[in-house]
Amino acid sequence: PMHTILIKGIFKKRKGGDIKSEQFHRLVYNSCGDDNIVASGNNGRVDPCLKLTVGCSIRVSEYKDPKQKVVKGVTGKFYGLALKAGHQLREEIWSGYKVNVIDADEVDYVVCERVCNDERDPVCYFTLPAKKFTVTVKIPMNGMSKD
């Protein structure tokens, strides 16, 4: 559906920083979830291909901005994206559906609507900047235990 946006993680080689092959990216996107991608220092999990729909729930897991009153655990609803200059959403077919996609390194920040406790509160928004992670990818092998 066109109200769906996929933010595709970009995986680079450890040495030299070259981007891994399209085949590797497809393997990770199709085989791995956030339980297979662990940030360095065992500092949480990372979704290799973040699927967002307008209005979906978002919980801040690793960010702090006192000016916006945003800390770990704050909840919101996905409202939209701000892209870096010169970039735009592309259409791709995923699971038979046409969706908008963008590479993670093309996103400037995510815009969220703050979840209000009282319906009379004015609607307010906060932003979450794009972030780079060093990760370990554990690709599951069919028929093999993850242990």
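Student: Is C112 buried or exposed?

Tutor: The model is a predicted one. A residue counts as buried under 20% relative accessible area and as exposed over 50%. The relative accessible area of C112 is 0%, so C112 is buried.

Student: How many disulfides does a search of the whole structure find?

Tutor: A disulfide requires two cysteine sulfur atoms within 2.5 Å. For C112, the closest cysteine sulfur is that of C56, at 8.4 Å, which is too far for a bond. C56 is likewise buried, at 17% relative accessibility. Over the whole structure, the number of disulfides found is 0.

Student: Which residues have the most contacts inside the largest nonpolar core?

Tutor: In soluble globular proteins, nonpolar side chains tend to be buried together. The largest nonpolar core here has 15 residues. Those with the most contacts inside this core are I58, F78, F126 and L128.

Student: Which element gives the most to this core?

Tutor: The elements that give two or more residues are β1 (4–8), β8 (107–114) and β9 (125–129). The element that gives the most, with 3 residues, is β8.

Student: With which residues is I58 in contact, leaving aside its neighbours within four places in sequence?

Tutor: Neighbours within four places in sequence are set aside for this list. The remaining contacts of I58 are with L52, V74, T75, G76, F78, V110, C112 and L128.

Student: Which residue of β5 stands opposite I58?

Tutor: Strand β4 (residues 57–59) pairs with strand β5 (residues 75–83) in the antiparallel sense, over 3 bridges. Within β5, the residue opposite I58 is G76.

Student: Which residue of β8 stands opposite G76?

Tutor: β5 also pairs with β8 in the antiparallel sense, over 7 bridges. The residue of β8 opposite G76 is R114.

Student: Which are the edge strands of the open sheet formed by 4 strands?

Tutor: The order of the strands in this sheet is β3-β1-β7-β6, and the pairing is mixed. Neighbouring strands are turned by 40° against each other on average, direction ignored. An edge strand pairs on one side only, and the edge strands are β3 (49–53) and β6 (90–94).

Student: Which residue of β7 stands opposite E91?

Tutor: β6 pairs with strand β7 (residues 97–103) in the antiparallel sense over 5 bridges. In this pairing, the residue of β7 opposite E91 is N100.

Student: Where is K69 found?

Tutor: K69 is not a glycine, yet K69 has a positive phi of about 60°. At 66% relative accessibility, K69 counts as exposed. Its place is in the loop between β4 and β5.

How values were computed
Residues are numbered from 1 along each chain as its sequence is written. This is a predicted model: local features need pLDDT of at least 70, side-chain atom pairs count only at pLDDT 80 or more; totals for chains, interfaces and linings use all residues. Side-chain values use heavy atoms; hydrogens and water are left out. A nonpolar core is a set of buried Ala, Val, Leu, Ile, Met, Phe, Trp, Tyr and Cys residues joined through side-chain atoms within 4.5 Å. Buried means under 20% relative accessible area, exposed over 50%, partly exposed in between (1.4 Å probe, protein chains only). Contact means heavy atoms within 4.5 Å. Two strands pair if DSSP finds at least two bridges between them. Axes are lines fitted to C-alpha atoms, for helices over the stretch in contact, and angles run from 0 to 180 degrees between N-to-C directions.
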